[in-house]
Amino acid sequence: MKKSSKGKELQDKLSYKKKNFWKIVSEKEREDAFVFADEYCAFLDEAKTERLSVELAEQILKTRKFVHLDADAPKNAPGYYRINRDKNITIFRTGKKDISNGCNLIVAHIDAPRVDLKQVPLSEDETTQLGIMLTHYYGSIRKYQWMSIPLALYGVVIKEDGTRIDISIGDNDGDPVFTFADLLPHLAKDYNNKKISEAIDADKLQLLFGSIPFPDDDIKDNVKLNCLNILYEKYGITEEDLISAEIEIVPAFSSKDVGIDASMVGAYGQDDRVCSYTALRALLDGEEPILPSIVFLADKEEIGSEGNTGARSDFILDFIADIIDFQGYDSSKILRKVLTKTNILSGDVTAAINPSFKDVHEKQNAPLLGYGVCLTKFTGSKGKSGSNDAHPEFIAKLRALFNSHNINWQVGELGKVDVGGGGTIAKFMAEHNAEVIDCGTPLLAMHSPFEISSKGDIYSTYKAYKIFFEHYGG
Ligand code: MN
Ligand code: MN
């Protein structure tokens, strides 16, 4: 056997090296990662919108005997949850210590970039007499990626009397799909000379919706009328009903295994349902935690965490205050103290190095796919502006926790300095004076209709979250 050199020994002792998940785990753990990924994919395929994510989360919580938090909720339930406007949910698991000691919280978001229908969407193009839906995109998308792929419609229509009609067209067997039809290359000379960011204007995202005219030669816009008639016959809705509707256009395909070794997941909405699902499972699957655990699945992250369903709303604070009161304390006296003693992982995805676009990263500090859950000290842009910059004291404790529990983790930065940047929920949670750091799953092709993750990283994220809930602060 070759004796290792002195330099090699010293290098092993002194150097930081991230580790490849597949190289360091046992056969058993490799299998567990694949099984977990299948369960995650089943969630992704069902939960294509924030509302559906909340619905599915609630179903899972009920199987674990979690109950809705209100004044007469049973005191001995394993946990409690509250849903806000069907679009975000917060979940509490009782710990060995009560809430006056603070808690461990993971926040992630269940909205994802997409294209929404406008309020008066249906239109008939005069020249082509095709029925189209006018749209307004949501979040930051590269519009060309959404052209000429099969798309589904999901959402709700609220009638004047308050009745809710659920819409889901495109993912069920036998459903038609929709699309934004792209330009053929033969006639694309002028468009090919445009910048990518300008080649597809927002008003080119016109959803192809129908083409058969209503059989009446005396009227105009027969195709539009026929489309309206189909909607009326199928859902009992009129054009005005669409004004009080939220209908989202998302990819009409399910998640897929990616790679000859099936080691990756390709799917829509992994930003940030990957951290949402792993956080929920971590809260439910772990041993009884020392400190109480909270998972907050927020809406509206992709547009700045705004609105009363976004992370900047008082919803999460009200929930924690109610838990404090429920456990017999006075939230008007101790809420702020509890928040100060709260530790938060902002579970959000980060950008792994893409082999085709390595130039946007500085490779020593960029995460790699398959190298574990990623701790991101700061986000933001232009000199960390708009960032929560996590404190080394907090990072040291997490590092120790992850290392002592064999969690595959890495550290990462979102792209080269001044190449771009981005923000997460972290900074909004930090405003409550809690300890916060970004900790989530690296992705390739983030915000595309087909985002890529590693099954090893999904599993490492789940394990990291579980260990955080079980042991942090104990
Ligand atoms: Mn995100
Ligand atoms: Mn995002």
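Helices (H or I, at least four residues) and strands (E, at least two) are DSSP runs, numbered from the N terminus. The model is predicted, so local features need pLDDT of at least 70 and side-chain atom pairs count only at pLDDT 80 or more, while totals for chains, interfaces and linings use all residues. Residues are numbered from 1 along each chain as its sequence is written, chains are lettered from A and ligands numbered from 1 in the order in which they are written, and side-chain values use heavy atoms, with hydrogens and water left out.

**View 1. Ser331 in helix H10.** Ser331 sits in helix H10, which covers residues 331-340. Its relative accessibility is 14%, so Ser331 counts as buried (under 20% relative accessible area; exposed is over 50%, partly exposed in between; 1.4 Å probe, protein chains only). Leaving out residues up to four places away in sequence, Ser331 touches Ala321, Ile324 and Asp325 (contact means heavy atoms within 4.5 Å).

**View 2. The site of the manganese ion (ligand 1).** The protein donors here are His109 (NE2), Asp271 (OD), Asp348 (OD) and Asp348 (OD). They lie 2.1 to 2.6 Å from the manganese ion (ligand 1). Donors are N, O and S atoms within 2.8 Å of the metal (3.2 Å for Na, K and Ca); water is not among the atoms, so sites may look incomplete. Along the chain, the donors of ligand 1 follow the spacing H-x161-D-x76-D. Asp271 belongs to helix H8, and Asp348 to the loop between strand E14 (343-346) and strand E15 (350-351). The pair links parts of the chain 77 residues apart. Both Asp271 and Asp348 are buried.

View 3. Asp271 lies in helix H8 (residues 270-285) and Glu302 in the loop between strand E13 (293-298) and helix H9 (315-326), so the pair ties together parts 31 residues apart in sequence. Asp271 and Glu302 are buried.

**View 4. Leu345 and the nonpolar cores.** The largest nonpolar core has 58 residues. Ile91, Leu345, Leu398 and Phe402 touch the most other members. Such a core is a set of buried Ala, Val, Leu, Ile, Met, Phe, Trp, Tyr and Cys residues joined through side-chain atoms within 4.5 Å. Beyond its neighbours within four places in sequence, Leu345 has contacts that include Leu105, Phe394, Leu398 and Phe468. Apart from this core lies another, of 36 residues, among them Leu151, Tyr154, Val157 and Cys227.

View 5. Domain 1 spans 16-112 + 268-471, and domain 2 spans 114-251 (bounds come from an automatic or database domain assignment). Their C-alpha centres lie 33 Å apart. Contacts join 19 residues of domain 1 to 16 residues of domain 2. The buried area is about 1,500 Å², with carbon and sulfur atoms giving 50% (accessible area, 1.4 Å probe, that two parts lose on being put together, summed over both). The rule finds 6 salt bridges across this interface (a side-chain nitrogen of Lys or Arg within 4 Å of a carboxyl oxygen of Asp or Glu). Lys48 forms a salt bridge with Asp171, with the closest N and O atoms 2.9 Å apart.
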